[in-house]
Amino acid sequence: MAMALLAITLIFYPIQKLGAPSKSPTPEPTKATMEQKKANKALAKKIAWTGYGWKDKEWTCLDRIFYKEAKYDHLAKNQSGSTAFGIGQRLKETSKDPMVQLLHTYKYIQYRYKNPCSAWRFHVRHNYY
């Protein structure tokens, strides 16, 4: 009788309802892949060139900032414990979207420094921008 009841239970109730282990969710990545970093760099250059007119010298300065800060990793967290996050290591950045991060960073650089090379010069002297 118990075997029959067990058989009927297994037939009519999904295994998960009986307490069988369910598939664990895939953990969120904490670092960008090399392909993502390459795509982030290409996107950064495209926005700088077409959206801001920052080419040649200005692009070189941006590239130095982004490489030094996070190596183009849009998931990079600041190791010193600050709220800096993403490609540009902006304080209080919450977006994991590379385009949003880049647009925020470019607006910040334009507002505070006027151009990427002024931001880079400040960075060299103070180790932040």
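The model is predicted, so local features are given at pLDDT of at least 70 and side-chain atom pairs at pLDDT 80 or more, whereas totals for chains, interfaces and linings use all residues. Residues are numbered from 1 along each chain as its sequence is written, and side-chain values use heavy atoms, with hydrogens and water left out.

**The core**

Begin by selecting Ala44, Trp59, Leu62, Phe66, Leu102, Tyr106 and Tyr129, the residues with the most contacts inside the largest nonpolar core, which has 20 residues. Such a core is a set of buried Ala, Val, Leu, Ile, Met, Phe, Trp, Tyr and Cys residues joined through side-chain atoms within 4.5 Å; buried means under 20% relative accessible area, exposed over 50%, and partly exposed in between, with a 1.4 Å probe and protein chains only. Two or more residues come from each of α2 (34–52), α3 (56–70), α4 (98–112) and α5 (116–126), and α3 gives the most, with 5 residues. Helices here are DSSP runs of H or I with at least four residues, strands are runs of E with at least two, and both are numbered from the N terminus.

Next, centre the view on Leu62, which touches Ala48, Trp54, Tyr106, Ile109 and Pro116 when residues up to four places away in sequence are not counted; a contact means heavy atoms within 4.5 Å.

**Helix α5**

Now select α5, where Pro116, Cys117, Ala119, Trp120, Phe122 and His123 are buried, and where the buried residues pack against α3 and α4. At the start of this helix, a side-chain oxygen of Asn115 reaches to within 3.0 Å of the backbone nitrogen of Cys117, while just after α5, Asn127 takes a positive phi of about 65 degrees.

**Aromatic rings**

Colour the aromatic residues next, among which a search of the whole structure finds 9 aromatic pairs. Rings of Phe, Tyr and Trp (its six-membered ring) pair if their centres lie within 6.5 Å, and planes under 30 degrees apart count as stacked, over 60 as edge-to-face and the rest as tilted. Tyr52 and Tyr106 are edge-to-face, because their ring centres are 5.4 Å apart and their planes stand at 75 degrees. Tyr52 is partly exposed at 22% relative accessible area, whereas Tyr106 is buried at 0%.

Then show Arg112, which lies over the face of Phe122 at 5.2 Å from the ring centre; a charge sits over a ring if NZ of Lys or CZ of Arg is within 6 Å of the ring centre and within 35 degrees of the ring normal.

**Backbone angles**

Finish with Asp56 in helix α3, which is not a glycine and yet has a positive phi of about 45 degrees, and with Lys114 in the loop between α4 and α5, where phi is near 75 degrees. Asp56 is exposed at 57% relative accessibility, and Lys114 is exposed with a relative accessible area of 60%.

Technical notes. A polar contact is a pair of N or O atoms within 3.5 Å; within protein, one must be able to donate a hydrogen and the other to accept it, and residues adjacent in sequence count only if both atoms are side-chain atoms.
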